[in-house]
Amino acid sequence: MEKRGTSSSTVLNFIAGWAAVILLIFPIIWMFLTSFKTEIDALSPEASLIFQPTLDNYRTVLARSNYLTFALNSVYTSVAATLLALLVGFPAAYSMAFLPTAKTRQTLLWILSTKMMPPVGVLVPIYILYRDMGLIDSHLGLILLFMFANLPIVVWMLYSFFRDIPRDILEAARIDGAGLWEEFRYVLIPLSGPALASTALLSIILCWNEAFWSINLTTTKAATLAAFIATYSAPQGLFWAKLSAAAVLAIAPVLVMGWIGQRHLVRGLTFGAVK
Amino acid sequence: MTAVNIEGLNKHFGAIHTLKNINLHVEEGEFVALVGPSGCGKSTLLRIIAGLESSDGGSIRIGVRDVTQLPSKQRDIAMVFQSYALYPHMTVAENLGFCLRMQKRPDGEIRSKIVEAARILHLETLLDRRPKELSGGQRQRVAMGRAIVRDPQVFLFDEPLSNLDAKLRVIMRTEIKEVQQRLKTTTIYVTHDQIEAMTMADRIVIMDKGEIVQVDTPMELYRRPRNTFVAGFIGSPQMNFIDAKPDGKGGVALSQHLTFQPDSDVFLKAGEFVVGIRPEDLLLDEEDGLRAKVTLVEPTGAQTYIHACTEDGNSLVTIENGDRRLRIGDQIRLKPIIRHLHLFDRASGERLTVA
């Protein structure tokens with residue numbers, strides 16, 4: 001039997017891996033530390049890890065703006081948009097996976113291609129449309145935009161997962177007397193539990209992190225946490241420490257959610273990749 | 001018990017004409033096997049009967065009902081899939097009871113039917129397990145059970161044994177046959193395995209290139225194949241075929257030295273024939289018959305298959321029941337049993353006379 005020792009390549013891989021992790025996580029750690037500094041410490045050219053930590057920034061941020069309103073807006077919009085996207089995406093993915101036509105492949109590619117368009121390209125038309133429909137700074141407006149923005153990903157993820165479900169199982173259900181609704185309820189949805197969970201999680205995270213539309217289309221009523229952070233970049237200058245505190249407050253919920261659901265996320269993103 | 005009647009059924013997949021004018025009548029309680037090489041349309045035919053695929057014209061009647069346009073769930077059929085298609089998230093009991101639940105039957109009835117099916121198929125101890133915790137044979141039984149509990153008018157089987165190993169296949173073959181005989185449910189069974197079809201079916205439907213070539217009982221198919229395709233498809237080892245000519249004296253010349261007189265002269269209208277000889281009808285002889293050289297010896301235990309090449313270059317197979325130790329290269333003589341020969345027209349492949 002071959003013995004698996006610690007070869008030099010293993011050590012190199014180990015170092016490279018950790019270097020990559022530190023590189024990626026560094027901005028978050030930096031932001032986290034800065035949020036406990038005074039504005040003067042935060043601006044000091046000698047970046048230091050040793051400082052007198054303070055909760056002042058958090059106090060100011062929470063006092064100055066209504067964090068809870070922004071946070072709830074983020075929750076409403078991301079959850080509602082995700083539910084809506086699943087509601088539309090599930091039947092779409094079903095029909096493409098189980099009842100494909102000659103054009104299914106092209107349709108899927110076209111759906112994905114819409115994600116490649118820079119949002120700023122449609123900012124003006126959408127803005128005018130929203131203004132005329134009274135959707136500016138409304139929950140409904142954001143929910144619809146988030147839903148459409150995430151629909152391609154939702155459809156693709158569910159489609160990849162459905163393709164792994166043997167068609168025979170659904171046909172057996174049909175012969176057993178299930179109509180389309182029963183087929184969904186008793187067979188497809190229970191079988192897609194992990195897929196639905198990871199798709200929903202990813203969609204919520206993407207909605208939560210969405211900044212472009214929420215900054216441009218909301219002011220106070222429907223503004224999400226992304227817009228909340230942006231308010232700390234004022235014309236008077238940047239308040240690094242307060243901005244960091246606001247950012248920590250904004251990303252904390254989603255970071256926790258991602259941490260808890262990371263196993264599902266990885267599985268969701270690799271559906272259909274390995275048979 | 002219900003008969004199934006299929007009339008003028010056609011199916012196209014794009015430009016391909018998959019089923020060509022299929023007509024088939026399956027009697028009440030009959031076990032019919034659809035057999036043919038892959039791509040012959042047998043699975044498509046079964047799926048159309050099941051309502052999983054639509055047809056392009058033609059009709060299907062189950063009993064007195066025309067089900068051609070009905071969805072699967074209204075056809076009162078049960079189907080066993082090659083992959084078993086068990087619901088992976090449900091226990092064996094839930095798998096068995098699913099169809100009854102869909103019919104909104106009372107809980108008590110569902111439970112008693114599950115217990116009854118489990119008893120017939122020896123699944124009593126497995127009711128709480130999930131499909132992934134079962135062996136291949138057990139999964140196969142659950143799939144059978146799912147068909148049994150609903151007491152359908154017709155059972156449909158789509159190559160249900162092809163995922164099992166050889167030994168289990170023989171056991172399950174018997175079990176399926178026993179269950180079918182006990183329930184007397186009309187059954188249509190698709191397989192590519194002619195042994196399976198021969199051993200299980202009351203009648204066999206041989207299909208080729210989207211058409212039904214012959215429908216008959218297993219022994220009739222074996223004894224009187226309609227053409228060279230059926231003759232070659234049914235029987236293992238395969239039937240031997242030798243090109244032959246009239247000898248000018250009213251007989252048929254199998255080789256320079258061997259002619260025979262068939263008991264009917266229908267065939268003489270055709271110029272050239274193919275003579276079919278089942279391996280067991282080709283006997284080893286000391287003095288008479290076709291001269292041949294042994295090319296391969298395949299012992300199977302009780303019998304030995306001997307492959308040989310004749311002087312005219314024909315490859316033949318014979319079955320040897322005795323204990324003669326033949327070796328590759330040995331010279332032998334093979335004498336056909338004349339009254340068991342099959343005669344086919346060489347051009348069309350159709351059977352010419354009653355041998």
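Colleague: What makes helix H2 (residues 92-102) of chain B largely enclosed by the rest of the structure?

Modeller: Eight of its 11 residues are buried, so H2(B) is largely enclosed. A residue is buried if 20 or more other C-beta atoms, placed from the backbone, lie within 10 Å of its own, exposed if 12 or fewer, and partly exposed in between. This is a predicted model, where local features need pLDDT of at least 70, side-chain atom pairs count only at pLDDT 80 or more, and totals for chains, interfaces and linings use all residues. Residues are numbered from 1 along each chain as its sequence is written, and chains are lettered from A and ligands numbered from 1 in the order in which they are written.

Colleague: Which residues of H2(B) are buried, and what covers them?

Modeller: They are B:Val92, B:Ala93, B:Asn95, B:Leu96, B:Gly97, B:Phe98, B:Cys99 and B:Leu100. The cover includes helix H3 (107-120) and H4 of chain B. Helices here are DSSP runs of H or I with at least four residues, strands are runs of E with at least two, and both are numbered from the N terminus. Just after H2(B), B:Lys104 takes a positive phi of about 55 degrees.

Colleague: Why is B:Asp151 called partly exposed?

Modeller: B:Asp151 has 14 C-beta neighbours inside 10 Å, and a count in between the buried and exposed cut-offs is called partly exposed. B:Asp151 sits in the loop between helix H4 (136-149) and strand S7 (154-158) of chain B. Its phi is positive, about 50 degrees, although it is not a glycine.

Colleague: And how do you know whether B:Lys209 is buried or partly exposed?

Modeller: By its count: 14 other C-beta atoms within 10 Å make B:Lys209 partly exposed. This residue lies in the loop between strand S9 (203-208) and strand S10 (211-216) of chain B, and has a positive phi of about 50 degrees.

Colleague: What makes S2 and S5 of chain B edge strands?

Modeller: Four strands form an open antiparallel sheet in the order S2-S1-S4-S5 (chain B). Strand S2 (16-26) and strand S5 (65-66) each have a single partner strand, so one side of each is left without a neighbour in the sheet. Two strands pair if DSSP finds at least two bridges between them. Strand S1 (residues 4-13) and strand S4 (residues 59-62) of chain B have four bridges, in the antiparallel sense; B:Glu7, for one, has B:Ser59 of S4(B) as its bridge partner.

Colleague: Over in chain A, why is H8(A) called oblique to H9(A)?

Modeller: Helix H8 (residues 167-175) and helix H9 (residues 180-191) of chain A pack at about 140 degrees, with their axes 10 Å apart. Axes are lines fitted to C-alpha atoms, for helices over the stretch in contact, and angles run from 0 to 180 degrees between N-to-C directions. Under 35 degrees is roughly parallel, over 145 roughly antiparallel, 65 to 115 roughly perpendicular and the rest oblique. That angle therefore makes H8(A) oblique to H9(A).

Colleague: Which residues make the contact between H8(A) and H9(A)?

Modeller: A:Ile169, A:Leu170, A:Ala173 and A:Arg174 of H8(A) meet A:Glu183, A:Val187 and A:Leu188 of H9(A). Residues are in contact if their C-beta atoms, placed from the backbone, lie within 7 Å.

Colleague: How many residues are in contact between chains A and B?

Modeller: In chain A 15 residues are in contact with 17 of chain B. The largest share of chain A's side, six residues, comes from H8(A).

Key: Contact = placed C-beta atoms within 7 Å.
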